[in-house]
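Here is a short report for a reader new to this model. Please look at the sequence and the structure before reading on.

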Amino acid sequence: MKTIALISTAGGAGRTTLAAALATLLARAGREVVALDLDPQNMLGAHLGLDELPPSGIAQALTGAARHWHDHTFRNEDGVLFVPHGQVTLAEAAACDAQLAAQPRWLERALGEIGLPETGVVLLDTPRYPSPQADHAVRAADLVLCVTPPEPAACATLVARLAALRETCADVRLVVNRLNPAREMQRDLLAMLRVASHGALLAQRIHVDAALPEAFSRGAWLFDEAPHSQASHDLHGLAHELDAWLPAKTADVTA
Ligand SMILES: Nc1ncnc2c1ncn2[C@@H]1O[C@H](COP(=O)(O)OP(=O)(O)O)[C@@H](O)[C@H]1O
Ligand SMILES: [Mg+2]
């Protein structure tokens, strides 16, 4: 079982969208997938098919209101098993942060309780880095995917954190999301990221597509509604890259 954390230093970078899309596409490719929402925004469930924000999840285990972190687990129609964050008040969010600070190996231990086969994958959605949740995710992950829009502040804050991220997780890669290649500034930022990341920038970028949030608002996936769009092609490409990075499935080995 491998763990992949999606993090970013900017809000609205596309972590939740990519976590849900990758979970869905990897499950459809025959992987056993678990998705954990570590973000108090509690939105991953909505991307994975829930109609309402789930009231309970990981947060309730951290505050002592639930017995286990996996008490409130859902399986969606694509077969993704996911554990929501759960709704929290400001005080409960602070209590979760305090628990995570007091138990630096909390997430690592929780992941150790997941009985996925070697070929399975756990995807972690996180609040903005740095945060206690993102810090746990980076330390527990085999691969950290840093999602960034090609915008100056997002890229600058990510580059400033790269050395610290690399010290925490051996495999750190950058994914550019919401790319508009017609904008010269974005092309310049891509070149800057390529140099600053010393080869960790993934060639597979995700282009901007207004149809992606529109599909989400209808409870659908762009790659189902418009499978030949550039962004659908990009999402499939990224999922394919991760599938190739994961241990080969039996079907692949015997094929
Ligand atoms: N490639 C894209 N093209 C267009 N909109 C996108 C793209 N990726 C994400 N979005 C939209 O950007 C917004 C923020 O995405 P989200 O995944 O919630 O970011 P984060 O989890 O990093 O805060 C959402 O409305 C989402 O639908
Ligand atoms: Mg999010």
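How many aromatic pairs does the count come to? The rule takes rings of Phe, Tyr and Trp (its six-membered ring) as a pair if their centres lie within 6.5 Å; planes under 30 degrees apart count as stacked, over 60 as edge-to-face and the rest as tilted. By this rule the count comes to 2 aromatic pairs. Both are listed here.

| Aromatic pair | Centre to centre | Angle between planes | Class |
|---|---|---|---|
| Phe 74 and Phe 82 | 5.7 Å | 25° | stacked |
| Trp 221 and Phe 223 | 4.9 Å | 10° | stacked |

This is a predicted model: local features need pLDDT of at least 70, side-chain atom pairs count only at pLDDT 80 or more, and totals for chains, interfaces and linings use all residues. Residues are numbered from 1 along each chain as its sequence is written, chains are lettered from A and ligands numbered from 1 in the order in which they are written, and side-chain values use heavy atoms, with hydrogens and water left out.

How covered are these rings? Buried means under 20% relative accessible area, exposed over 50%, and partly exposed in between (1.4 Å probe, protein chains only). Phe 74 has 31% relative accessibility, so it counts as partly exposed. Phe 82 has 1%, so it counts as buried. Trp 221 is buried, because its relative accessible area is 11%. Phe 223 is buried too, with a value of 4%.

Next come the strands. Helices (H or I, at least four residues) and strands (E, at least two) are DSSP runs, numbered from the N terminus. Val 33, Ala 35 and Asp 37 point one way from E2. Val 34 and Leu 36 point the other way. In a regular strand the side chains alternate between the two faces of the sheet.

Which strands pair with E2? Two strands pair if DSSP finds at least two bridges between them. E2 pairs with strand E5 (residues 121–125) in the parallel sense, over 5 bridges. E2 also pairs with strand E4 (residues 81–83) in the parallel sense, over 3 bridges. Val 34 stands opposite Val 122 in E5, and its bridge partner in E4 is Leu 81.

Last, one helix residue. Val 159 is found in helix H7 (residues 152–168). Its relative accessibility is 27%, so Val 159 counts as partly exposed. Contact means heavy atoms within 4.5 Å. Leaving aside neighbours within four places in sequence, Val 159 is in contact with Met 192, Leu 193 and Ala 196. Val 159 and Arg 128 are 31 residues apart in sequence and 15 Å apart in space, C-alpha to C-alpha.
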